[in-house]
Amino acid sequence: MKENFRRHSLCQARDTVVSIGLEEYRAEQIFKWIWQKNAEDFSKMTNLSRALREDLDRRYSIAGLEIAGLVREGQGAHKYLLRLEDGKEIESVFMREGRRRTICVSCQVGCPLGCRFCATGLIGLTRNLYAYEIADQVRVIQKAVGEKCTNVVFMGMGEPFLNFVEVVAALEIISSPLGLGVGRRHTTLSTVGLVEGMEALLRSPIRAKLAVSLNFADEEQRREYMPAARYNSLLDIMKVAKAYSCEKEMVTFEYVMIKGVNDRLSDAKRLVRLLRGIPSKINLIPYNEHPRLPFRRPADQRIEKFYEYLLNSHHTVVIRKSKGQKILAGCGQLSGKA
Ligand code: SAH
Ligand code: SF4
């Protein structure tokens, strides 16, 4: 099988074209063809000589992800099942809201962290995605819907800090003006709260936003529902989150509200205590139910009460209107069976 040229970062593409005797700027031309102009083979790259196109075609493919399934919920949310080169499948979601066009990408096939309430956690990990497989979710979906994506969130399948090198390389392609051109500040990494990864992001020059899936303000309960919490204490998470908010971008805390589990007023009070002194925003996510999981969404009234308590405690808080719930495209509902 020919090597896929999409695997190249811009830097690697420059090295490669130079190594086969071409000028360095050819790499930028090819990069634009494959990421911006959706070229499906080298023959379409009309600003390259025919001999060069044929040479490249002998050496490389530029195959992208294939759309293997699509489910839509009205105009607002589309869930795509995308097939990778090795036949494995992942899910990505497109959401339209006002002027915003958000694509929620996966960074792993499945996830090894096994949060008890999450459908992706149920299936375990098959493998990490390569950078081009992450970035290509954005390209393929943009092309399919015929609209430019404004925001990219890593809230699909997988944990970004367990595949950090490829996620960083994907961000390069996603935000490069020669690639997909989505602004750095319009990209968000969502983590279950892996402290080492959060620190690495803090120390790196990357300007992406950070969202932390807190979900529980009680350490014991968090450990019970989120196994990764056993190795990442709330105290350590809060320390790095505070530094991130102060030194880089305001952190968002996600709180999935599960009926009878973490939706009481006492939970809201504990959350307020935990977040004291940390500049942050809270996203309340009413639980998205899944046929293979026993958990339920709290009643609206309950969610409102929780919300109002946080608001009255001077927190910036939004209830995330869940898009795509009916088509199992909401947060934590992705399990690769569109
Ligand atoms: N692994 C990363 C990113 C993917 S999960 C993380 O955990 O942050 C994306 C978000 O979906 C997380 O905030 C997670 O807590 C939330 N989530 C998981 N299962 C859910 C469900 N059934 N309903 C609502 N949100 C869920
Ligand atoms: Fe993995 Fe995130 Fe789901 Fe937990 S919530 S199992 S970390 S995808």
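A residue is taken here to be near a molecule if one of its heavy atoms lies within 4 Å of that molecule. By this criterion the residues around ligand 2 are Cys111, Leu113, Gly114, Cys115, Cys118, Gly121, Gly158 and Val192. With Ala, Val, Leu, Ile, Met, Phe, Trp, Tyr, Cys and Pro counted as nonpolar, Asp, Glu, Lys and Arg as charged, and the others, Gly among them, as polar, this shell divides into five nonpolar, three polar and no charged residues.

The model is predicted, and local features need pLDDT of at least 70, side-chain atom pairs count only at pLDDT 80 or more, and totals for chains, interfaces and linings use all residues. Residues are numbered from 1 along each chain as its sequence is written, chains are lettered from A and ligands numbered from 1 in the order in which they are written, and side-chain values use heavy atoms, with hydrogens and water left out.

Around ligand 1 there are 19 residues, of which Gly158, Ser190, Ser213, Tyr287 and Asn288 come nearest. By class, nine of the shell residues are nonpolar, eight polar and two charged. Strand 10 (187-191) and strand 12 (251-257) each supply at least two residues of this shell; helices (H or I, at least four residues) and strands (E, at least two) are DSSP runs, numbered from the N terminus.

| Residue | Protein atom | Ligand 1 atom | Distance |
|---|---|---|---|
| Asn288 | backbone N or O | nitrogen | 2.9 Å |
| Gly158 | polar backbone atom | nitrogen | 3.0 Å |
| Glu159 | polar side-chain atom | nitrogen | 3.4 Å |

Taken alone, ligand 1 exposes 540 Å², and the protein buries 95% of that, the areas coming from the Shrake-Rupley method with a 1.4 Å probe.

In helix 7 (residues 195-203), Val195, Gly197, Met198, Leu201 and Leu202 are buried, where buried means under 20% relative accessible area, exposed over 50%, and partly exposed in between (1.4 Å probe, protein chains only). Seen down the axis of helix 7, these buried residues fall within an arc of 165°, so they line one face of the helix; the arc is that of the directions from the helix axis to the C-beta atoms. The face turned away from the buried side carries the exposed residues Glu196 and Arg203. The cover over the buried residues of helix 7 includes helix 6, strand 10, strand 11 (209-213) and helix 9 (234-247), contact meaning heavy atoms within 4.5 Å.

Ala169 lies in helix 6 (residues 164-175) and, at 27% relative accessibility, counts as partly exposed.

Methods
A polar contact is a pair of N or O atoms within 3.5 Å; within protein, one must be able to donate a hydrogen and the other to accept it, and residues adjacent in sequence count only if both atoms are side-chain atoms.
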